[in-house]
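Hello,

Here is the structure you will be working with. Please look through it first, then read the notes below.

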Amino acid sequence: MSETIDARFILKRRNHFELNTNLSVPAQGVTAIYGPSGSGKTTFLRCLAGLEKPDEGKLVVQGDSWQSAEHFKPAHKRPVGYVFQEASLFPHLSAGGNLAYAMRRAATRVTDELYQQVLSVMGIDALLSRYPENLSGGERQRVAIARALLIRPRLLLMDEPLASLDRARKQEILPYLERLRTAFELPIIYVSHALEEVARLASHAVVLDQGRVVAEGGVNDVFSRIDLPGLQGPDTGVMLSGQVVSRDARWHLVDVRCLGSVLTVPDEGDHPGKDVRLRILASDVSLAQNAISEASVLNQIPVSVESVGNDQHPAHCLVRLRAGDDYLLARLTRRSFEHLQVRPGQTLWALIKSVAIIR
């Protein structure tokens, strides 16, 4: 069986918008579809679901053709779970009733084991007797995700599922989405314009701009680029995967292997051997010509300069740095850039405060 999702869509609208994509993404883990409003993210998702019929299209999911020049599998025949911005639960049914409705639609029987696994992963065991009006926004969305899982989909589509929630509710639901990512062998296409969500959930990313793919690949490869429209701003930074190698119980710190070195970060109860994800903003990376022995900055990483680009503000520039097999971004003032005489190929030291690393 093919381990990819191959999608090519051309769709022209009356308002002169045109979606023109040709992609092959992994049929495992989370692929983020990222881009500004109006870039075509939701339209692309609706084409995958069969809710939009493009002027031209081809869709092959793990070797199974859902769409070609000769045939078009309609939405109701596509094994797809779809989670919208709003939970869209049936208001006259309890949470348990909404789940029962999904199970009746499932292509194959939902086992008791799967049902209990879905309840456990989404943390909704205690919500089953309650009606949507008596659930918080985060609770409703967790039930909606569970409902999508219980139709036994081969592909889960999520269209900005946290967009309608405030920050507190987003922080509440993100751990459940992280558990969902690892608990089920199910490819997830996740539309978002929030880098925080992409950083925590996705391993692969596609960036859309005006209906076209401008970048595609691993999340750190994509979001460490400095030549893409719309990626410069206060949230510009890199997304790293690493592994805990040791703990310092006295100072509540852990060492994580990544960036071709070891980073010291605050301990969140991680045990040695655990895989973790880190996010480092460009504004939290300083550069120096040499390591500094008398400094409060614990993380001092040797790096080489890959490229230099403009930032949103004319006083700043962005520097893309290579560290082992990973990339870093540093935001510098133009004055500091000139003072260090930064140039491609140069070897420098990246200074990263442990307290600035986002978990």
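The lining of the second largest pocket has 14 nonpolar, three polar and four charged residues; Ala, Val, Leu, Ile, Met, Phe, Trp, Tyr, Cys and Pro count as nonpolar, Asp, Glu, Lys and Arg as charged, and the others, Gly among them, as polar. The model is predicted, so local features need pLDDT of at least 70 and side-chain atom pairs count only at pLDDT 80 or more, while totals for chains, interfaces and linings use all residues. Residues are numbered from 1 along each chain as its sequence is written, and side-chain values use heavy atoms, with hydrogens and water left out.

A pocket here is an open set of points on a 1 Å grid over the protein atoms alone, where a 1.4 Å probe fits, with protein on both sides within 12 Å along at least five of seven lines; lining residues have an atom within 4 Å of a point.

In the second largest pocket, β6 gives the most to the lining, with four residues. Strands are DSSP E runs of at least two residues and helices H or I runs of at least four, numbered from the N terminus.

In the lining of the largest pocket, nine residues are nonpolar, six polar and 14 charged. Among its 29 lining residues, Glu178, Arg181, Arg200, Val276 and Arg277 lie nearest the centre. Helix α5 gives the most to this lining, with seven residues.

Elsewhere, Ser307 is found in strand β16 (residues 299–310). Ser307 touches Ile226, Leu318, Val319 and Arg320, not counting residues up to four places away in sequence (contact means heavy atoms within 4.5 Å).

Regards
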